[in-house]
Amino acid sequence: MRVEQVRGSLVEAWHAVHVAVVDSTGRLVARSGDPDLVTYWRSAAKPFQALPLVADGVVDRFGITTEELTLCCASHSSEPGQIALVRDLLAKVDCSERDLLCGPHPPLSERVAADYSTRGVRITAVYSNCSGKHAGMLALARHHGWPTEFYTRLEHPVQQRCLAEVGRWTEVPQNDIRTAVDGCGVVCYGLPLRNMALAYARLANAERGTANAELQKERHDAHDPARPFRVPPSAFRVVEAMLRHPELVAGEGRPCTDMMRAHPGRVITKVGAEGVYCALLRQEGLGVALKVADGHGVAAALAMAAVLEELGLRPRPAPLVARPNVNTRGETVGELRVNGRLEQ
């Protein structure tokens, strides 16, 4: 599978796509390229970084709403309503925007960015697409009595707690997870695509609060091989929140939101930087992780929409079938499109 840039009758550029499709037992169901490719999970890890908020009692203690919990998992568009929710969450845990250690950047939505530029809106840390995740990390620190200063550093208890959760769900021992600094300043995780997909597939069992019998027999917790991995009931609250609020997972006109709205209640999709994309197919019990080798973000969204369609979620949202290539005169002169299929 690859994503091709076509101009006229010629493919002038292409983007190789690596895909792993895994069920909750860890079985590789389908693939493209190298399903064991190690890359950074980037923002596609956010749902797993948010799980401690539920598991540790943070959500209940501070009365965090489903909307606020969704924003902890989101790469939001900096829409006014999204920013208001992040500020509400910060206030609940007695923090403010001054406590956020994510740097500001233009909104990911071109429409929102243009609107703010026209109105002269000052872009600050709370407008970062990761501000919800950071607010959640501050809430975790408040709950446990950990310092809120330097909460982004690897050695901080917040980051160690998130690292442990990632290791448990992906079945990669913590010492084997490659760590680096993400674009927003917190820790990011280097893992094989297959293990990223496994973590998402396991979320399919969250509603039942336990893994299926085959999973219990064949897969074991990464930290205690003698103890079978069981999906905690608390995980369903993260799944439910994201399913209920696809408009907060990304935003209007963004691929994550479009794909989730096209198949209500059936899929969670989550973008990561540098061509990473992950998904949970809830009814099918499948997890998907993909990486566009050259990091092309638009190609990654098109590839994920094509993979979901091939796995039974039809049709693709119209904007994700192909992307027109428009020249400076506004003429459509080609398109970006997916070519190829998964290998079973």
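# Reading a predicted fold, residue by residue

Analyst: Ser78 lies in the loop between helix H3 (66-72) and H4. Helices (H or I, at least four residues) and strands (E, at least two) are DSSP runs, numbered from the N terminus. The model is predicted, so local features need pLDDT of at least 70 and side-chain atom pairs count only at pLDDT 80 or more, while totals for chains, interfaces and linings use all residues. Residues are numbered from 1 along each chain as its sequence is written, and side-chain values use heavy atoms, with hydrogens and water left out.

User: What is the phi of Ser78, and is Ser78 buried or exposed?

Analyst: Most residues other than glycine have a negative phi. Ser78 is not a glycine, yet its phi is positive, at about 65°. Buried means under 20% relative accessible area, exposed over 50%, and partly exposed in between (1.4 Å probe, protein chains only). Ser78 counts as buried because its relative accessibility is 0%.

User: Where is Glu274, and what is its phi?

Analyst: Glu274 belongs to the loop between strand S7 (267-272) and strand S8 (276-281). Its phi is near 55°, a positive value in a residue other than glycine. With a relative accessible area of 47%, Glu274 is partly exposed.

User: Which residues does the cis peptide bond join?

Analyst: Most peptide bonds are trans. Here a cis bond joins Arg314 and Pro315, with omega about -5°. Pro315 is in the loop between helix H13 (297-310) and strand S10 (322-326).

User: Which residues does Ser32 touch?

Analyst: Not counting residues up to four places away in sequence, Ser32 touches Met1, Val17, His18, Val19 and Leu342. Ser32 is part of strand S3 (residues 28-32). At 2% relative accessibility, Ser32 is buried. The side chain of Ser32 reaches the backbone oxygen of Val17 at 3.3 Å.

User: How many residues of helix H8 are buried?

Analyst: In helix H8 (residues 193-202), 9 of the 10 residues are buried, which makes the helix mostly covered. Among them are Leu193, Asn195, Met196, Tyr200 and Arg202.

User: How many helices and strands does the protein chain have, and what is its radius of gyration?

Analyst: The protein chain has 13 helices and 11 strands. The radius of gyration is taken over C-alpha atoms, and the globule rule is 2.2 Å times the number of residues to the power 0.38. For 344 residues, a compact globule would have a value near 20 Å; the protein chain has 19 Å, which agrees. Along the principal axes, its C-alpha atoms fill a box of roughly 60 × 55 × 35 Å. Of the 344 residues, 56% count as buried. Among contacts between residues at least 6 apart in sequence, 65% join residues at least 24 apart.

Definitions and conventions
Contact means heavy atoms within 4.5 Å. A polar contact is a pair of N or O atoms within 3.5 Å; within protein, one must be able to donate a hydrogen and the other to accept it, and residues adjacent in sequence count only if both atoms are side-chain atoms.
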